[in-house]
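Subject: Structure for you to look at

Hello,

Here is the structure I promised. Please open it first, then read my notes below.

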Amino acid sequence: IEEDLENIVKDIPSNKLVLITHAPPYNTDCDYTKLKDGGFAHVGSKAIYKIIENKQPILTLHGHIHDTVQVTGNFPCEIGKTISCAVSSDHIGDNPYVVNASINDGVVFVERVKL
C-alpha cells in the first residue's frame with residue numbers, strides 16, 4: 001500500500017491533495033473500534049498513516065471502521081496539518097451520516113451530518 005500510494009501522490013502538491021482510502025490511518029481516532037470481546041483497538045493502516053504524515057494532504061477521508069466516531073467521540077482528527085475524517089456511518093440502522101467537506105483558500109471545513 002505504501003509504495004503504491006507514494007507513486008500515486010508523488011507529483012501532487014500537498015495543498016491540492018485530497019486522499020480517499022477505504023482503510024483509515026493507524027493509531028488515530030479514525031481507526032479505533034470496539035472488539036467483540038469488549039475491548040478496544042486501533043486497526044488501521046500504518047502505511048496510510050505514514051503517507052499522510054509525510055505528504056500532509058489538505059484532507060483525507062476514510063471508511064471501514066463504522067463505530068469509530070461513536071467510540072472516540074471525535075470527528076475529525078488531525079495528523080500534522082492534515083484533517084482526517086472517518087466517513088462510515090454507525091452500525092445503527094437508523095443512524096446514517098454523511099460528511100460535508102469544503103476547502104476554500106486552503107481552509108478545510110468538515111462536518112458530520114445525520115441524514
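A residue is called buried when its relative accessible area is under 20%, exposed when over 50%, and partly exposed in between (1.4 Å probe, protein chains only). This is a predicted model: local features need pLDDT of at least 70, side-chain atom pairs count only at pLDDT 80 or more, and totals for chains, interfaces and linings use all residues. Residues are numbered from 1 along each chain as its sequence is written, and side-chain values use heavy atoms, with hydrogens and water left out.

**Val 9**

Val 9 sits in helix α1. Helices (H or I, at least four residues) and strands (E, at least two) are DSSP runs, numbered from the N terminus. With a relative accessible area of 4%, Val 9 is buried. Leaving out residues up to four places away in sequence, Val 9 touches Leu 17, Leu 19, Ile 51 and Lys 55. Contact here means heavy atoms within 4.5 Å.

**The cores**

Val 9 belongs to the largest nonpolar core, which has eight residues. Such a core is a set of buried Ala, Val, Leu, Ile, Met, Phe, Trp, Tyr and Cys residues joined through side-chain atoms within 4.5 Å. The largest share, three residues, comes from α2. Ile 51 has contacts of its own beyond four places in sequence: Glu 2, Leu 5, Glu 6, Val 9, Leu 19 and Gln 56. There is also a second, separate core of six residues, including Ile 58, Leu 59, Ile 83 and Cys 85.

**The cysteines**

The cut-off used is a pair of cysteine sulfur atoms within 2.5 Å. Cys 30 and Cys 77 do not qualify, because the sulfur of Cys 30 is 3.5 Å from its closest cysteine sulfur, in Cys 77, too far for a bond. Cys 30 is buried at 3% relative accessibility. Cys 77 is buried as well, at 10%.

**The surface**

Ile 20 lies in strand β1 (residues 18–21). At 62% relative accessibility, Ile 20 is exposed.

Best wishes
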